[in-house]
Amino acid sequence: MPGLIERYMDRLPFEPGDPIITLDEGSTPLVQAPRLSERVGAEVWLKLEGANPTGSFKDRGMTCAVSAAVRDGARAVICASTGNTAAALAAYAARAGIRGVVIVPEGKIAMGKLAQALMHGAQVVALQGNFDRALELVRKVAARHPIALVNSVNDFRIEGQKTAAYEIAEALGDLDALCIPVGNAGNITAYWRGFREVGLSPRMFGFQAAGAAPLVHGSPVAAPETVASAIRIGNPARWEQAMDAMTSSRGGVDAVSDEQILDAYRFLARDEGVFCEPASAASVAGLLAHGAGGAQRVVCVLTGHGLKDPDTALASVGGVIPCAPELDMIERVIVGQGLS
Ligand SMILES: *Cc1c(COP(=O)(O)O)cnc(C)c1O
């Protein structure tokens with residue numbers, strides 16, 4: 001499939017002949033979740049955004065933001081990131097042949113994302129502060145220097161990300177509810193815009209981690225904390241728009257604990273065969289804990305791939321079983337595990 005700018009150019013702020021920086025992002029799977037459906041008593045689908053080229057939905061926004069930056073003559077792009085925006089920026093900047101700079105909270109970014117940003121040749125700056133501070137600073141840097149800011153405060157990001165809603169509409173025709181993790185709140189803003197543009201208004205349920213739930217409390221969180229590093233954000237940039245999406249669609253916002261997030265994370269991997277990252281599992285944790293207002297057809301957005309954060313995965317499950325290289329030893333081990 002061609003990338004999403006080419007597929008949806010008539011509904012995006014691009015014209016034929018514009019430079020397009022793409023890795024053929026989008027067109028991600030929408031799979032049924034039979035065991036989850038049974039647990040919640042509804043038809044549940046999973047939108048697997050981890051199947052994007054760099055492993056998260058950030059690619060949808062980044063193809064648009066970087067293409068627009070190149071069209072405007074930018075020689076460099078910058079963002080603050082909890083990890084996935086950094087990975088996507090780095091890949092699309094590499095593709096465009098321009099400089100990429102990412103500011104990440106020191107020690108707070110998952111290993112896979114850091115490896116991606118460095119491999120793609122971005123300059124990675126580890127800030128001794130959290131994401132919210134990093135975003136404040138990059139906004140100032142971008143205002144003072146000729147470097148394009150590609151955080152989701154950049155509307156091209158929202159434009160690109162809204163295409164996931166188009167894809168869901170094409171696949172299902174209609175749906176009753178969308179469950180989605182909320183960090184900086186760009187993605188829920190984008191889905192709502194996309195659904196409205198195709199004439200749908202599913203109830204939008206946003207879920208935040210309990211230790212980073214400013215929208216639930218109604219005030220910023222100074223020191224956000226959660227295992228779900230991608231949504232460890234205390235002062236979302238798209239606050240009003242996210243609240244508008246949830247109120248106008250008669251949805252809502254709720255918090256899920258780290259324990260509920262990790263339970264959903266393991267459940268998806270073991271019972272649905274889908275390995276997402278912890279932040280992504282917040283959508284399913286929220287559906288399990290709070291429901292979706294009695295909706296019958298529900299889509300949960302799984303925002304990023306599980307391989308992004310191998311440390312959390314390995315800390316969440318049992319270890320490997322050591323074994324001597326002999327047939328009887330192997331048999332003893334696997335028969336002992338219930339094979340007979
Ligand atoms: C960025 C991100 C989120 C949060 O999206 P926002 O637009 O910041 O609300 C959730 N999950 C993953 C994996 C992400 O990378």
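This is a predicted model: local features need pLDDT of at least 70, side-chain atom pairs count only at pLDDT 80 or more; totals for chains, interfaces and linings use all residues.

User: Which element gives the most residues to the lining of the largest cavity?

Analyst: The largest cavity holds about 290 Å³ of space. Its lining has 25 residues, and Phe57, Lys58, Gly183, Asn184 and Ala230 are the closest to its centre. Helix H4 (84-96), helix H7 (155-161) and H9 each give two or more residues to this lining. With 3 residues, the one that gives the most is H9.

User: Where does the ligand sit?

Analyst: Let's look at its surroundings. The shell around the ligand is made of 16 residues, with Lys58, Asn84, Asn184, Asn187 and Thr303 the closest. By class, 6 are nonpolar, 8 polar and 2 charged. The place where the ligand sits is the largest cavity.

User: Which residue has a side-chain N or O atom 2.6 Å from an oxygen atom of the ligand?

Analyst: A polar contact needs a pair of N or O atoms within 3.5 Å. Gly183 has a backbone N or O atom 2.8 Å from a ligand oxygen, and for a backbone atom of Gly186 the distance is 3.1 Å. Those two use the backbone, whereas the side-chain atom at 2.6 Å belongs to Lys58.

User: What share of the ligand's accessible area does the protein cover?

Analyst: On its own, the ligand has 380 Å² of accessible area. Of that area, the protein covers 97%.

How values were computed:
Residues are numbered from 1 along each chain as its sequence is written. Side-chain values use heavy atoms; hydrogens and water are left out. A residue is near a molecule or strand if one of its heavy atoms lies within 4 Å of it. A polar contact is a pair of N or O atoms within 3.5 Å; within protein, one must be able to donate a hydrogen and the other to accept it, and residues adjacent in sequence count only if both atoms are side-chain atoms. Accessible areas come from the Shrake-Rupley method with a 1.4 Å probe; for residues, only the protein chains shown count as cover. On a 1 Å grid over the protein atoms alone, a cavity is a set of points where a 1.4 Å probe fits but cannot get out, and a pocket is an open set with protein on both sides within 12 Å along at least five of seven lines; lining residues have an atom within 4 Å of a point. A molecule sits in a cavity or pocket if more than half of its atoms lie within 2 Å of its grid points. Ala, Val, Leu, Ile, Met, Phe, Trp, Tyr, Cys and Pro count as nonpolar, Asp, Glu, Lys and Arg as charged, and the others, Gly among them, as polar. Grid points are joined across faces, edges and corners, and a volume is the space filled by probe spheres set on the points. Helices (H or I, at least four residues) and strands (E, at least two) are DSSP runs, numbered from the N terminus.
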